[in-house]
Amino acid sequence: MKYPIGIQTFEKIRKDNFIYVDKTELIYKLAHESQYLFLSRPRRFGKSLLTSTLESYFKGEKELFKGLAIEKLETEWIQRPVLHFDMSLAKHADVERLNELLDLFLTRYEQQYGIEKSTKSPNTRLANLIIEVQQKTGQQVVVLIDEYDAPLLDVAYNQEVFEELRYTMRNFYSPLKACDPYLHFVFLTGITKFSQLSIFSELNNLNNVSMDDAFAAICGITQEEIDTALTEEVALLGEKMGKTPQEVKQALKENYDGYHFSPNSPDIYNPFSLLTCFSKKTIGAYWFASGTPTYLIEMLNKFNVSPEEIDNQEATADYFDAPMHTMTSIMPLLYQSGYITIKDYEPITGLYTLSIPNNEVRIGLMKNLLNNYVKQPQIASTTVAKLYTKLLKDDLDEFFNLLKTFLGTVPYTENTQYEGHYQSLFYVIFSLLGQYVDIEIRTPQGRVDMVLRTTTRLYLIEFKIDASSEKALQQIDLKQYPERFALAGLPITKVGVNFSSKTKNIESWEITNK
């Protein structure tokens, strides 16, 4: 099996017989949706491959689509001129470097079509290029701009540099509307929404299909595609892991599934992680490890976001689609970057529920956030593995003994005198254990500090500082918390934990099985 890891060229995938999950029915529909389109998706979700596929389609390269769904849909295969601009090459570029790249892009097409290069500005050259190419070929031009916002993402919080780059890009893209009579199709991809960066203020007819149900599955891999097109890959992975196909599918779902890009989106798997997993024949954190933006962690700290505040948040679409460079909460950055996704939608109120999509993202985030709580993260990773074995054995005394040793690495901060500090730390640790964990769960009598659910048991945990673990345990009984969770169908263990503000560590704990 040949897996197209990092390969973003449709022609290469088809000619070299790499695995390709057929998206061409959706691509055909996209190509006939409207004249100006925009699609937003997180990094490594197949935007560049989609753009390359559109390029081959509009060039009329029929032979590349043999055996695919589009072969039965398209009857004309008109060969149109395509101008493809890959703006990912402009990542980390300053204004001078950006202008050099624009000059390189334009020069290449001017030479290809025998157009005299001028010394005019990039936007004037782009307008001239579109008009002359249409006149020379007799066909309207297709313009594809992949990752249009790439130059801006890493400088979104440096206002001066951001404004310089934004001005340059806005000028470059400005001819797209004026050249309407010469254009057949314009398609742009990115992570951030086009309206947010005020780049396309003049291109007000751009159709944003990012949250359209019809195109929710155009990037990424669906459960149906795994069950039909990737059954052999599942079987091979199962042979290597010593698991049945059903067990493999469950592991893949827990680690790579869970993305939704519209109100009624099917479950979408992360394509980069899924295909890398098939290639390496092991479950791993491939997407998260491939390039977590440093500014993500910095912004989590800037907005003083507690780890437990990331998950299960409600918002309207205009809130989590807010401009990243002017955002007042972390939610737009987390959503647009793929660290949280749509989990539910209430059409009456227009409210979306946004959550972390899967274990790969959850554990990756928590590992990064753990650095805020411990001095030696490498020790933390070893300790977490040991904690996991104790939890699986329901050996809570040894669990807390290990945890007490571990908390000796927690830095002394002002926050350690508050229950919330330890609550957040426990949330990170339990999340790293791959277990369901939530905090401040409402009950008819109040809120339980933390609920931890494993496959075999439910733990109700109450925290106190400079009090006693007995008092914490009594609060669980006093407020009748266990009754709230009786329908879970799992044995319940009540845990009272007392911390010392003096030692900054666990002072005592009490454990009672219901």
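Is D103 buried, partly exposed or exposed? At 26% relative accessibility, D103 is partly exposed. That value comes from a predicted model.

## D103 and its partner

D103 has a partner. Its side chain meets that of K117 in a salt bridge, at 3.3 Å from N to O. The pair links distant parts of the chain. D103 belongs to helix α4, which covers residues 95-112. K117 sits in the loop between α4 and α5, and helix α5 covers residues 122-137. The two residues are 14 residues apart.

K117 is also partly exposed, with a relative accessibility of 45%. D103 lies between the cut-offs of 20% and 50%, so D103 counts as partly exposed. The value for K117 falls between those cut-offs too, so K117 gets that label.

## A pair within one helix

Side chains of opposite charge can pair when their charged atoms come close. Next, look at helix α7, residues 159-173. Here R166 and E163 form a salt bridge, with 2.6 Å between N and O. R166 and E163 are three residues apart, so about one helical turn separates them.

How accessible are the two partners? R166 is buried, at 14% relative accessibility. E163 is partly exposed, at 29%. Salt bridges can also share partners: in this way D103, E110, K117 and R125 are joined into one network.

## Another pair, and the total

E55 and K59 make a further salt bridge. Their closest N and O atoms are 3.0 Å apart. E55 is buried, with a relative accessible area of 14%. That is under 20%, so the label "buried" applies to E55. K59 is partly exposed, at 32% relative accessibility.

How many salt bridges does the model have? The count comes to 14 salt bridges.

## Empty space inside

Now turn from charges to gaps. Rolling a probe the size of a water molecule over the atoms shows where empty space is left. In this model, the count comes to four cavities of 30 Å³ or more. The largest cavity has a volume of about 90 Å³.

Which residues lie nearest the centre of the largest cavity? They are S40, P42, K193, F261 and Y335. These five are part of a lining of 13 residues. By class, that lining has six nonpolar, five polar and two charged residues.

Notes: Residues are numbered from 1 along each chain as its sequence is written. This is a predicted model: local features need pLDDT of at least 70, side-chain atom pairs count only at pLDDT 80 or more; totals for chains, interfaces and linings use all residues. Side-chain values use heavy atoms; hydrogens and water are left out. On a 1 Å grid over the protein atoms alone, a cavity is a set of points where a 1.4 Å probe fits but cannot get out, and a pocket is an open set with protein on both sides within 12 Å along at least five of seven lines; lining residues have an atom within 4 Å of a point. Grid points are joined across faces, edges and corners, and a volume is the space filled by probe spheres set on the points. Ala, Val, Leu, Ile, Met, Phe, Trp, Tyr, Cys and Pro count as nonpolar, Asp, Glu, Lys and Arg as charged, and the others, Gly among them, as polar. A salt bridge is a side-chain nitrogen of Lys or Arg within 4 Å of a carboxyl oxygen of Asp or Glu. Buried means under 20% relative accessible area, exposed over 50%, partly exposed in between (1.4 Å probe, protein chains only). Helices (H or I, at least four residues) and strands (E, at least two) are DSSP runs, numbered from the N terminus.
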